[in-house]
Amino acid sequence: MNPTSRRRASSIVRLALIPVLALIALAGWALASPVGASPDDDYHLTSIWCADGLQNGVCEKAATPDAREVPYLVARPTCYVFHADVSASCQLVKHPLDASTTRGNFEGQYPPFFYATMRTFVTSDVLSSVVTMRIVNSVLFVGLASLVCWLLPPRRRTTLFWGIAGSIVPLGIFIIASVNPSSWALLSGGVLFVATAGYLESAGWRKIGLGATAVVTAFMGGGARSDAAIYAVIAVGAAVLVTVQWNKRFWLSALLPLGIAAMSAVLFRLGSQVEGAISGAWGPPHMQGSTLNVAFRTLIQLPSLYAGSFGVNWGLGWLDTIMPAIVWFPAFAVFLALIFAGLRSMNLWKGIALSGVALVLFVIPFYLLVHGRFPVGEQIQPRYLTPLIMVLLAVALWQVGGTVFRLTRVQWWAIVVSLAVANSIALHENIRRYVTGTDVPGFNLSSHVEWWWPISLSPMWAWAIGSVAFAGALVLALLEFSPEARFRIGRRRVDGTAPEPHEELRPVEAL
């Protein structure tokens, strides 16, 4: 086999293994917490169980018209919430079979499509149903991201992978492998911009595949959360800007992003989250004083929402699983490093797109908090903004003109090690919080276990496999998606002779 064929074969193997390892890593996170562990899960679980209306044994009438009878573990799974030293063993005590609840999407606050899809996986066993839904959402994320990766030309795969990997640890990866509608919002945030931009600059089968995937991911995001519909419009708008060409062919292609924006507007109207915030449905204001004073206090505290996506001052779960500094410091540092490195490749239109995304990322939470007079930390959480943070990083990493996004080999390995360590410790801390509670210290998660899934895989093995899989995906991505990996850097030609001083590095042939 000649060198070119070997490189091609190695690339195919890496492209096949990366999604497998990513899915294993997400499966580790799917097992890392009990039923009800993601924010407002009692609401979302009830909404899933009742997505098809009333049904015996699944979702039944309650004593009042605004309530429903659902399995007890669906309506009341959160006995450990807000008490980090309390394990999830409280779910194991004897409880009634059913419970009545008024918390659910009974009045259409959220778009219905996420709940309707997850309803497909509801069975009589709540535990297996929830794990299945978490795995399904993980498969959807990895599957659609991998499809876009295969459809993109090789030089664009860097933006897709590192745009996702550099922005999901720890909050994003926790939410992706959950039954929270934000899982689909993160999918849209991670994939839509790159898929749309790739569509606009491609032709033939690549163009068709990327366009179809962009429509699907935009629909999934807007079909899960109303704010994700807004983010979809921003993502496709940024994609048009970074790829803009002044010819008829481009503007005919731009009809698809326009259609996605129109679809997103319709999906936005199917939920009332943002409108409720504007109309005052969040409740009475908590901040007094003039509007100027409220705006100033909001302004100086607002960055904590962005940093919260990386675990700074905000916990996972119901905000009660606090991340240590060894998680948020490297994760946030990698994000900022990638942003700054991406600024090396810049032109007017990318600058406008990047500035526009950053401006929206500031304006939306700032306006809603000041308008409602809520302090930073109430009502708006980092997970609401994480999809747009993913778009921001992807836009920054998008290469324009002749400037190539480059980091040294040492810098790339620093990124890989930083993200692998941050993910591993975050996963360990998350499992610890539910297996024993934080009042039981120690490295061995399988010691003194108070709660765990009824499976043969121990907590320690779940952590080890998930950690190694995530690290393995990063290492393979380093070899496949970092720009330097696509260059032959040896000091000798294939025939064994030394290159001439004037010879430049040549790109390896793409798949």
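Mentor: Contact here means heavy atoms within 4.5 Å, and helices (H or I, at least four residues) are DSSP runs numbered from the N terminus. This is a predicted model, in which local features need pLDDT of at least 70, side-chain atom pairs count only at pLDDT 80 or more, and totals for chains, interfaces and linings use all residues. Residues are numbered from 1 along each chain as its sequence is written, and side-chain values use heavy atoms, with hydrogens and water left out.

Trainee: Which residues in H8 does H6 meet?

Mentor: The H6 side of this contact consists of Arg155, Arg156, Thr159, Leu160 and Ile164. In H8, they meet Gly190, Val194 and Glu201.

Trainee: Is H6 roughly parallel or roughly antiparallel to H8?

Mentor: The axes, lines fitted to C-alpha atoms over the stretch in contact, with angles from 0 to 180 degrees between N-to-C directions, come within 9 Å and cross at roughly 170 degrees for H6 (residues 154–165) and H8. Angles over 145 degrees count as roughly antiparallel and those under 35 as roughly parallel, so H6 is, relative to H8, roughly antiparallel.

Trainee: At what angle do the axes of H8 and H18 cross?

Mentor: H8 covers residues 182–201 and H18 covers residues 382–397, and their axes come within 8 Å. The crossing makes H8 roughly parallel to H18, the angle being roughly 15 degrees.

Trainee: Which residue caps the N-terminal end of H5?

Mentor: A side-chain oxygen of the capping residue lies 3.1 Å from the backbone nitrogen of leucine 127. The residue that caps H5 in this way is aspartate 125.

Technical notes
Helices (H or I, at least four residues) and strands (E, at least two) are DSSP runs, numbered from the N terminus. Angles under 35 degrees count as roughly parallel, over 145 as roughly antiparallel, 65 to 115 as roughly perpendicular and the rest as oblique. A polar contact is a pair of N or O atoms within 3.5 Å; within protein, one must be able to donate a hydrogen and the other to accept it, and residues adjacent in sequence count only if both atoms are side-chain atoms.
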